[in-house]
Amino acid sequence: QVQLVESGGGLVQPGGSLRLSCAASGSIVSIYHMAWYRQAPGKQRELVAAITSGASTNYADSVKGRFTISRDNAKNTVYLRMNNLKPEDTAVYYCNAYRIAISGLQYDYWGQGTQVTVSS
């Protein structure tokens with residue numbers, strides 16, 4: 001069973017920066033598609049950024065140019081660097097690991113979430 005543990009959330013002023021970390025319990029970061037999602041109060045969970053096993057990345061339009069997803073295979077950790085934060089970035093941020101095996105089995109794991117609050 002894979003475990004994902006997020007950290008790095010907190011309270012930051014508009015225009016500030018944070019770096020979220022997602023530590024995986026196994027050596028999965030290099031072979032799973034890893035992603036960050038967020039969910040604001042009263043809203044659906046949405047994809048923020050993703051990095052494939054081949055290191056391709058994609059971002060939600062709302063965060064392009066401000067957020068960067070990266071991974072450290074040796075540390076089994078995925079990061080989300082968030083710059084120029086805005087109040088609308090306030091949400092619980094979740095780490096996700098996803099893979100479809102050759103057998104067709106799907107593996108989908110979630111972390112417990114970390115709160116990011118952007119406010120003056």
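**View A. Valine 5 on strand β1.** Strands here are DSSP runs of E, at least two residues long, numbered from the N terminus. The model is predicted. Valine 5 sits in strand β1, which covers residues 4–7. Beyond neighbours within four places in sequence, valine 5 contacts Ser21, Cys22, Ala23 and Gln112.

**View B. The disulfide of cysteine 22 and cysteine 95.** Cysteine 22, a contact of valine 5, is joined to cysteine 95 by a disulfide, S to S 2.0 Å. The count for the model is 1 disulfide. The angle about the S-S bond is -80 degrees, and the link is left-handed. Cysteine 22 belongs to strand β3 and cysteine 95 to strand β9, so the bond ties together parts 73 residues apart in sequence. Cysteine 22 is buried at 0% relative accessibility. Cysteine 95 is buried too, with a relative accessible area of 0%.

**View C. The largest nonpolar core.** This core holds 31 residues. Leu4, Trp36, Leu80, Met82 and Tyr93 touch the most other members. Strands β3 (18–24), β4 (33–39), β5 (46–51), β7 (67–72), β8 (77–82), β9 (91–100) and β11 (114–118) each supply at least two core residues.

**View D. Surroundings of methionine 82.** Setting aside neighbours within four places in sequence, methionine 82 contacts Gly16, Ser17, Leu18, Leu20, Arg66, Phe67, Tyr93 and Val116. Methionine 82 and valine 5 are 77 residues apart along the chain. Their C-alpha atoms are separated by 18 Å.

Key:
Residues are numbered from 1 along each chain as its sequence is written. This is a predicted model: local features need pLDDT of at least 70, side-chain atom pairs count only at pLDDT 80 or more; totals for chains, interfaces and linings use all residues. Side-chain values use heavy atoms; hydrogens and water are left out. A nonpolar core is a set of buried Ala, Val, Leu, Ile, Met, Phe, Trp, Tyr and Cys residues joined through side-chain atoms within 4.5 Å. Buried means under 20% relative accessible area, exposed over 50%, partly exposed in between (1.4 Å probe, protein chains only). Helices (H or I, at least four residues) and strands (E, at least two) are DSSP runs, numbered from the N terminus. Contact means heavy atoms within 4.5 Å. A disulfide is a pair of cysteine sulfur atoms within 2.5 Å.
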